[in-house]
Amino acid sequence: MAYHVGDNGVRSATAIYALAKAAVGQISAIFTDANSCYHLAFQRIGAPEPHQQTKAQTHLIEASDASFRDMLARFNRRTKRASKTQNMLEITLDIFLARKRPQSPG
């Protein structure tokens, strides 16, 4: 799993691509929503994988994003309950994802 805290721009799209590639190695296909920054980013870096813009393959990720906003006040767009610095957002995600990962028995 990889994540990047940033805006919806080309720089963020390039960063998440690099992080995902480092996490899984070989990528066979890329599925994104219709945000044009992905198409531009993958063109600029010359990503060899086929890229498809579709809701069918991204709805689970969108549901996870909604769950983050629901469960973690820091990600609720209108909240003033918690710090929203990038460092605190990354720490919160690291802790949350580490606790949500299934543990191997034994």
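Q: Where in the protein chain is confidence lowest, and where is it highest?
A: The model is predicted, and mean pLDDT (the predictor's confidence in each residue, from 0 to 100) is lowest in helix α3 (residues 59-71), at 73, and highest in α1, at 88. Helices (H or I, at least four residues) and strands (E, at least two) are DSSP runs, numbered from the N terminus. Local features need pLDDT of at least 70, side-chain atom pairs count only at pLDDT 80 or more, and totals for chains, interfaces and linings use all residues. Residues are numbered from 1 along each chain as its sequence is written, and side-chain values use heavy atoms, with hydrogens and water left out.

Q: And what is the mean pLDDT of the protein chain?
A: The mean is 77, and 78% of the residues reach 70 or more.

Q: What order do the elements run in?
A: From the N terminus, α-β-α-β-α-α, that is, four helices and two strands.

Q: Which residues of α2 are buried?
A: In α2 (residues 36-45), Cys37, Ala41 and Phe42 are buried, meaning under 20% relative accessible area with a 1.4 Å probe, protein chains only (exposed is over 50%, partly exposed in between). They lie on the same side of α2, because they cover an arc of only 125° around the axis, taken from the directions from the helix axis to the C-beta atoms.

Q: What do the buried residues of α2 pack against?
A: They pack against α1 (10-24), β1 (30-32) and β2 (51-53), with contact meaning heavy atoms within 4.5 Å.

Q: What comes just after α2?
A: Gly46, with a positive phi of about 70°.

Q: Switching to α4: is Ile95 buried or partly exposed?
A: Ile95, in helix α4 (residues 86-100), is partly exposed, at a relative accessible area of 41%.
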